[in-house]
Amino acid sequence: PRRRWHAGAMPGLYVLPSSWLLDASPEDVWEAVAGPEMDWPRWWPGCTRQDVSPAAAPSGDRAAVLLSSTVRLQFRAALGYRLSITLRPTAVDHPVSIDFDAAGDLAGSGQIRLTPLAADGGTEPVQTRMDISWRVRPTRPWMRLLTPVARPVLTAAHALLMHRGEKGLQRLLRRAAGGTRQSAPAQALQATRRGRPNRVSTPVE
């Protein structure tokens, strides 16, 4: 019988979720990841900015500024290849989530969602879980050709790339905080909630 594909297992589709645990409030994390120029190369090793389209919205409306911006980034994977991706924000909920359209070497969509984490018995956020999800298909011929056999290798390369991003953002946030020691609530939360590891999962074809 003919094989049927469900929505999450279409040929060539990569479903790539990651989760980062950051010692900062959602507001501080938002400033680093959702600025109008999306200056991720400032903290993400292996990421360079190739182009940015200036915002056409009034500067006072930060969500509108972000929605009218487009940035093209290049990422260097651990295997040595480079991916050029154009990101265009499509929905912004400050400081909770941002949705993207992706084009270039990977085409599809992505989302960043920030969740505040408070220490047991507390109400003030002392950490933020940043969940990142991508649903993309490669457009480069060699990646499309190799996907059926090289999917595990390509997804592992993605996991390493995301791990570098997580560590780079953690360093930036520590510098922004002045290099101060974690507060007692943050230390208590860190001891009990290590966060979900950076991971990727893709449908099996």
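**Basis.** I worked from a predicted model, in which local features need pLDDT of at least 70, side-chain atom pairs count only at pLDDT 80 or more, and totals for chains, interfaces and linings use all residues. Residues are numbered from 1 along each chain as its sequence is written, and side-chain values use heavy atoms, with hydrogens and water left out.

**Entry 1, count.** I looked for cavities, each a set of points on a 1 Å grid over the protein atoms alone where a 1.4 Å probe fits but cannot get out. I found 2 cavities of 30 Å³ or more; a volume is the space filled by probe spheres set on the points, which are joined across faces, edges and corners.

I noted a volume of about 400 Å³ for the largest cavity. Its lining (residues with an atom within 4 Å of a point) holds 29 residues, of which Leu16, Ile85, Leu106, His158 and Leu161 are the closest to the centre. Two or more lining residues come from each of β1 (14–22), β4 (82–93), β6 (106–118), β7 (125–138) and α3 (141–176); helices (H or I, at least four residues) and strands (E, at least two) are DSSP runs numbered from the N terminus. I recorded α3 as giving the largest share, 7 residues. By class, the lining has 26 nonpolar, 2 polar and 1 charged (Ala, Val, Leu, Ile, Met, Phe, Trp, Tyr, Cys and Pro are nonpolar; Asp, Glu, Lys and Arg are charged; the others, Gly among them, are polar).

**Entry 3, second largest cavity.** I noted about 30 Å³ of space here. Leu22, Asp23, Gln170, Leu173 and Arg174 line this second largest cavity, and α3 supplies the largest share, 3 residues. This lining divides into 2 nonpolar, 1 polar and 2 charged.

Methods
On a 1 Å grid over the protein atoms alone, a cavity is a set of points where a 1.4 Å probe fits but cannot get out, and a pocket is an open set with protein on both sides within 12 Å along at least five of seven lines; lining residues have an atom within 4 Å of a point.
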